[in-house]
Amino acid sequence: MEYIVSPWEIETYIQSLNVSTLQDIGTKECVPRLSWLDFHKKLTLLNQQSVLEVTELREESVAEFFISLKKVPVLIYEAIQIDIWKHKVFPLLIDLDNEPSNTFMLFSVFYHEVIAVSLLENVLFHCKSSDTMDDTIIDLIDYAVQCATVLLDEKTTEIYEGLDAKDFNNSSLEEILKKHKILEFDIGMRCISILYYIIEFLESLPLYVVSRVLTTHDVPYLFVQLIEKQPWKKENENGEILTYDAKWQKIDANNIGKINKREGQIWFALREVLLNPKYSSHYEITEHRLTQLSKLQRHLHEDVLDQICPLIDLKRWLSYVTMSSARPSSNRICKVQVEVIPQIKSSILEKFHKKWKKLARHQSKYLLTVDTNYIKDAAQILSDIYDLEKLDRLETKKCSLCQKVSKNRCSKCKETWYCSRQCQVKDWEKHKDICNMITKTE
């Protein structure tokens, strides 16, 4: 059995994780226990190990240790901190140097947020994780809603304060922004899963969490907008339909109409919050909400109901509330409850209030450096996480013929994958010319 991080190292790695600080981002300078680059490296390797465990249906030791060692809040803090950095510090760095010759360090910072969110998605799959987040779950809800909302707006570059699209003329700057736009889309998709997992174990969470999801942010309304927009689908230049699952993939003719993973999660979440009577006191069906919810009816056609049978109950409920003059009773009970205010974002913003320019000048020495020795040292620290052989093991391979998950590849060209010997034999007539071409060029 192969590992990215050996079993005896996983616990040690996770135990050593502590939140970083904004001023140390991108540096090799030592903070308590770890430098930021070492911290980023360990977090990335743990994410790769977690992905490997999920992909190969192994025991999820990475998730278990994050839960048992109560390190989930570290991931929440890191995701929010980088989100603040990209809004507050990154534009000022570009003001200092709008022609960065070194984008490697900047990309590492952007990628840090993706890693934290990816680990959160895998860890939150386990309901036990809710017990280890304490009040930081409020911060996570706010962050996840913000990132999922970005999926509704195609002009994602406008979220950067002080940067305008007309300024993206430099090739290196344009390259890093294009890469981050891709990463940001991926974060938004993962945040759909995070919100779904939170809703799944909502009953076991405090009332202020329920209120945050249903009243403060009106997540059902957000989910309706996502069902309408369907950002997980698009057409390419050839008119072929693509679906998103960690990357854009062409939908096989036999799978057209198949529900995307994120779409399925949204449907299950909507069914839970709308039909569970325990949430009715927190989610009043007003006229405006009813208008939005009624839009779901046209999406609940036979293809969807055949794939997710429990949605029949949701369709009946929607028909009842839209056709009946009587609205479902909200059973709102006046309760005295303490509202918990999110702390992570506000504490970081307060700490660095009016210090953003000073912080950007400090970080420019590391993130915009042209010192080849510094860049080489940083690349050496991070070399393990960009090992192509390791990364290849993490990607789910699909059969060239039937698109099923595959673990066998052509022994000659080593480029084409098959789920079985039968598929390889059937595809040989089509594949042999490409196979010969690849092996000749090698």
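Visitor: What conventions apply to the model and its numbering?
Guide: Side-chain values rest on heavy atoms, without hydrogens and water, and residues are numbered from 1 along each chain as its sequence is written. Because the model is predicted, local features need pLDDT of at least 70 and side-chain atom pairs count only at pLDDT 80 or more, whereas totals for chains, interfaces and linings use all residues.

Visitor: How many helices and strands does the protein have?
Guide: Helices (H or I, at least four residues) and strands (E, at least two) are DSSP runs, numbered from the N terminus. On that basis the secondary structure comes to 19 helices and seven strands.

Visitor: What percentage of the 442 residues is buried?
Guide: A residue is buried under 20% relative accessible area, exposed over 50% and partly exposed in between, with a 1.4 Å probe and protein chains only. Of the 442 residues in the protein, the buried share is 51%.

Visitor: What share of the contacts with a separation of 6 or more joins residues 24 or more positions apart?
Guide: Contact means heavy atoms within 4.5 Å. Among the protein's contacts with a separation of 6 or more, residues 24 or more positions apart account for 75%.

Visitor: Which backbone oxygen does the side chain of K71 reach?
Guide: K71 lies in the loop between α3 (61-68) and α4 (72-88). Neighbours within four places in sequence aside, K71 is in contact with I14, Q15, L17, N18 and F66. At 2.7 Å, its side chain reaches the backbone oxygen of L17.

Visitor: How far in space is L69 from Q15, C-alpha to C-alpha?
Guide: L69 is also placed in the loop between α3 and α4. Beyond its neighbours within four places in sequence, L69 is in contact with E11, I14 and Q15. L69 and Q15 are 54 residues apart in sequence, and their C-alpha distance is 6.8 Å.

Visitor: Is S193 buried or exposed?
Guide: S193 belongs to helix α8 (residues 171-200). Its relative accessibility is 0%, so S193 counts as buried.

Visitor: With which side chain does the side chain of S193 make a polar contact of 2.4 Å?
Guide: Not counting residues up to four places away in sequence, S193 touches E121, K261, R262 and Q265. A polar contact is a pair of N or O atoms within 3.5 Å; within protein, one must be able to donate a hydrogen and the other to accept it, and residues adjacent in sequence count only if both atoms are side-chain atoms. The contact of 2.4 Å is with the side chain of R262.

Visitor: Why is helix α9 largely enclosed by the rest of the structure?
Guide: The buried residues of α9 (residues 207-216) are Y208, V209, V210, S211, R212, V213 and L214. The helix is largely enclosed because the buried residues number seven of the ten.

Visitor: Which residue of β3 stands opposite T243?
Guide: Three strands form an open antiparallel sheet in the order β1-β2-β3, where pairing requires at least two DSSP bridges between two strands. The edge strands, each pairing on one side only, are β1 (233-235) and β3 (248-250). Three bridges join β2 (residues 241-244) to β3. Opposite T243 stands Q249.
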